[in-house]
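Try each task before you read its solution.

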Amino acid sequence: MRRISIFGATGSIGEQTVDLMLHHGGAETFRTVALTGGRNVARLAEMARALRAEVAVTAFDDCLPALRAALAGSGIEAAAGEVALLEAADRPADWIMSAIVGAAGLAPGFHALRHGTTLALANKESLVTAGPLLMAEAARHGARILPVDSEHSAIFQALVGEDLAAVERIVLTASGGALRDWPLERLARATVAEALAHPNWSMGQRITIDSASMFNKALEVIETREYFGVAPEQIEVIIHPESIIHSMVGYRDGAMMAHLGAADMRHAIGYALNWPERADLPVARLDFAALAQLTFRAPEDARYPALRLAREVMATRGLAGAAFNAAKEIALDHFIGARIGFADMAGVVEDTLAALSRRNGLGNAPMGLEDVLSMDRIARAEAETCALALAARRAG
Ligand code: NAD
Ligand code: MG
């Protein structure tokens, strides 16, 4: 039986992973090693019982008593805290889902790779902040990383049986988000609720706003560069409002391979779970006559400054990705807190990158796991300063 662990089991991706495991036979099919979560310990315990996990880990120490109580009589171990998360990642497993949100997902993935474990990677922040490190670590230990982001799963599938050297371009599709049809001058006044009205995908609050600002696509452009090793100039972004094509690979002979499907993350998760085989997945099938048409348009530079910033990050490399991701997180916090406007988020990220480039020299900085985590903290503090300065300018 395959041994499986899920990091971030109680999140949107984690829930859907558990759902698919149960769909494929649950504890009869898989040996679940570790499930981890945050404050929702009741749900974590419920999943651990359903899959008969060895251990359930909450990220937060103060949640341990509640987790213990919820697991009473089950024989399942309970643990808490950052060290416990790493210990869980060190437990022998064949396949691990990395679905913790944010920079906290980086270290557990690293630990898993050291044991040669296959890493299903939903946590795009890992590649954005520490791509070269992560890929090198995987190569060193003969571990495989399977992409779970829908675009990257699509590209991965369009590359099956092909030679990367024959790739001319990679086209990432983007829905354009909730505000794609708004007049530009209205964007500055967009509210959180308006940015949350995503046309196609049902996701968490943060990633949905990142979709409206295209910060999510900006992260994905960097993710593409790091994972597939293509040059930044080979990566394009196209707005495709229907979200039916999940991304495309163009080859030297002019052929384009596109991956189509319903907007349902269980496809990408299920592909990684069953790879290299394909299994029946409970996702809707496309009805082309009902779809009738697929449309495309180029993203406007003025509407989506995040895409330009991603290009700058790729040109700088080094710790620029870590700084970019952290600054984006803080800018998003301030937008959600209504302290800055929707269009100000890019300004905060740009100011943060500029300040850190001057002071810390992002591109030439050494890059170990500790350097990345330390830059994450530094950039968060810098972005706080930039956001508050911007909020003060707006108020005054
Ligand atoms: P989520 O917020 O729904 O879930 C996050 C999980 O991480 C939860 O289990 C939570 O308890 C845990 N967690 C939160 N903070 C933690 C911390 N400090 N330490 C340890 N664990 C912590 O997030 P999600 O939408 O499932 O996204 C997970 C990852 O997958 C993200 O990197 C996201 O960008 C990526 N992703 C998500 C989707 C999607 O459809 N939701 C699509 C593509 C990629
Ligand atoms: Mg995606």
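**Exercise 1. Find what lysine 217 touches, and decide whether lysine 217 is buried or exposed.**

Step 1: leave out residues up to four places away in sequence; lysine 217 then touches Leu172, Ala174, Val237 and Leu307. Contact means that two C-beta atoms, placed from the backbone, lie within 7 Å.

Step 2: lysine 217 has 26 other C-beta atoms within 10 Å, so it is buried. The cut-offs are 20 or more for buried, 12 or fewer for exposed, and partly exposed in between, with C-beta atoms placed from the backbone.

Step 3: lysine 217 sits in helix H10 (residues 215-228). Helices (H or I, at least four residues) and strands (E, at least two) are DSSP runs, numbered from the N terminus.

This is a predicted model, where local features need pLDDT of at least 70 and side-chain atom pairs pLDDT 80 or more, while totals for chains, interfaces and linings use all residues. Residues are numbered from 1 along each chain as its sequence is written, and chains are lettered from A and ligands numbered from 1 in the order in which they are written.

**Exercise 2. Which residues of helix H2 are buried?**

Step 1: in H2 (residues 41-51), they are Val41, Leu44, Ala45, Met47, Ala48 and Leu51.

Step 2: after H2 comes arginine 52, with a positive phi near 50°.
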